[in-house]
Amino acid sequence: MDKYLVFGNPIKQSRSPNIHRAFADSTNQLIEYDRQLSQVDQFENDVKAFFAQGGKGANVTAPFKEQALLLSDKLTDRAKLAEAVNTLSYIDGKIYGDNTDGIGLVQDLLRHNVVLKSSNILILGAGGAAKGVILPILEQEPVRVVIANRTVSKAEKICHQFDSFSDKKLHACGFDNLQDGRFDIIINATSASLSGQFPAIPSSNITDSTVCYDMVYGATLTPFLQWAEQQGAAKVIDGLGMLVGQAAESFNIWRKVNPDVESVLKTLRAEMS
Ligand code: ATR
């Protein structure tokens, strides 16, 4: 049976094994999928040992996504630009690194019938989570993507890194410079929700046609989505669908089969409430 696993630290909380086992059941794929705790100074050895013992692929979560990038023999453009790898495949003695987070987000938005083409998008945050989604978003041909961050220099750095892919559609600013903005889609890629906070953007950024997305998810709406709802956003969506979407893309890379996202999402949502 082909073996897969997810590396992280901590790892107990990871839902990836449940998601991938459900995908495997529904697509009749015979695979094993486990979780493995690793350490920063052991990660590379652990990955190589897993592949040497016949492992076919691995997901990588915090804090190992940058290390996974460095140990990959080959990388996709989206992984290179994200500077992070969440999906490793082992084929003919070589490690292939990819990043499926961004496509997971895009597919979740599309599943919710959110139109990205020609839209005006605001991304909040300029850390790893933001960087990971920019290329797949640009590929949907929005008219403009603004990256706003508390530390403006980090947003400017990302704009510069994506220069040759962005067709001058990417702009950087601080939250204070958003006063006159109206956006079709606002994506919270900051980690503020994890500490019960949300980025201090002007309420005028949200209109009754704005869709607000938070990459974080939980049993209750995140602080950002609660606030967005109070400001009259058309729709608020949390990141559970992105989690399942990135897993579906990894599964497809490994097994060349598209699993059904909807049923797994329904089960996870029910387990959380
Ligand atoms: P991740 O990998 O989750 O993106 P990260 O690389 O540490 O984590 O980035 C965290 C992001 O959340 C950053 O953009 C950070 O802003 P700064 O670059 O100014 O630090 C943002 N962030 C965290 N807490 C925030 C808060 N309370 N308000 C606004 N932005 C916040």
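Predicted model: local features only at pLDDT ≥ 70, side-chain atom pairs only at ≥ 80, totals over all residues.

1. Leaving out residues up to four places away in sequence, Ile 187 touches Leu 105, Leu 109, Ile 121, Leu 122, Ile 123, Leu 124, Ile 137, Tyr 213 and Met 215. Ile 187 also belongs to the largest nonpolar core, which has 30 residues; with Leu 105, Ile 123 and Ile 137, Ile 187 touches the most other members.

2. Two or more residues of this core come from each of α5, β7 (120-124), α6 (128-138), β8 (144-148), α7 (152-161), β10 (185-188) and β11 (211-214). The largest share is that of α6, with six residues. In soluble globular proteins, nonpolar side chains tend to be buried together.

3. How many residues of α6 are buried? Nine of the 11 are, so α6 is largely enclosed by the rest of the structure. The buried residues are Ala 130, Lys 131, Gly 132, Val 133, Ile 134, Leu 135, Pro 136, Ile 137 and Leu 138.

4. Helix α5 (residues 101-111) meets helix α10 (residues 240-255) with the axes coming within 7 Å and crossing at roughly 120 degrees. This angle makes α5 oblique to α10. The crossing is right-handed. On the α5 side the contact is made by Asp 101, Ile 103, Gly 104, Leu 105, Gln 107, Asp 108 and Arg 111, and on the α10 side by Gly 241, Met 242, Gly 245, Gln 246 and Glu 249. By type, these residues are three nonpolar, five polar and four charged.

5. Helix α1 (residues 16-27) also packs against α10, at an angle of about 55 degrees and with the axes 10 Å apart. Here too the angle makes the pair oblique, and α1 passes α10 in a right-handed crossing. From α1 the contact takes in Ile 19, His 20, Phe 23, Ala 24 and Thr 27; from α10, Leu 243, Val 244, Ala 247, Ala 248, Ser 250, Phe 251 and Trp 254. This contact divides into nine nonpolar residues, three polar and no charged.

6. Gln 29 sits in the loop between α1 and β2 (31-37). Gln 29 has a relative accessible area of 18% and so counts as buried; the cut-off is under 20%. Apart from neighbours within four places in sequence, Gln 29 is in contact with Ala 24, Phe 251, Arg 255 and Val 257. Of these, Ala 24 and Phe 251 also take part in the contact of α1 with α10.

7. Asn 28 lies in that loop between α1 and β2 as well. Is Asn 28 buried or exposed? Asn 28 is exposed, with a relative accessible area of 69%. Asn 28 has a positive phi of about 60 degrees although it is not a glycine. Asp 92, in the loop between β5 and β6 (94-98), likewise is not a glycine and has a positive phi, of about 50 degrees. Asp 92 is exposed at 77% relative accessibility.

8. Two cis peptide bonds deserve a look. One runs from Asn 9 to Pro 10, with omega near 5 degrees; Pro 10 is in the loop between β1 (2-8) and α1. Another joins Ala 62 and Pro 63, with omega about 5 degrees, and Pro 63 is in the loop between β3 (55-60) and α3. Most residues other than glycine have a negative phi, and most peptide bonds are trans.

9. Asn 86 is in the loop between α4 (77-82) and β5 (87-91). Its relative accessibility is 2%, so Asn 86 counts as buried. Beyond residues up to four places away in sequence, Asn 86 touches Ala 58, Asn 59, Val 60, Lys 65, Asp 98, Asn 99, Thr 100, Asp 101 and Gln 246. Both Asp 101 and Gln 246 are also part of the contact between α5 and α10.

10. Asp 46, in helix α2 (residues 43-52), is buried with a relative accessible area of 17%. Among the residues in contact with Asp 46 is Gln 36. The two are 10 residues apart in sequence and 9.0 Å apart in space, C-alpha to C-alpha.

Methods
Residues numbered from 1 in each chain as written. Heavy atoms only, no water. Axes fitted to C-alpha atoms, helices over the stretch in contact; angles between N-to-C directions. Helix = DSSP H or I, 4+ residues; strand = E, 2+ residues; numbered from the N terminus. Parallel < 35°, antiparallel > 145°, perpendicular 65-115°, else oblique. Left-handed = near helix turned anticlockwise from the far one by under 90°. Contact = heavy atoms within 4.5 Å. Nonpolar A, V, L, I, M, F, W, Y, C, P; charged D, E, K, R; others polar. Core = buried A, V, L, I, M, F, W, Y, C linked by side-chain atoms within 4.5 Å. Buried < 20%, exposed > 50% of the residue type's maximum accessible area, 1.4 Å probe, protein only.
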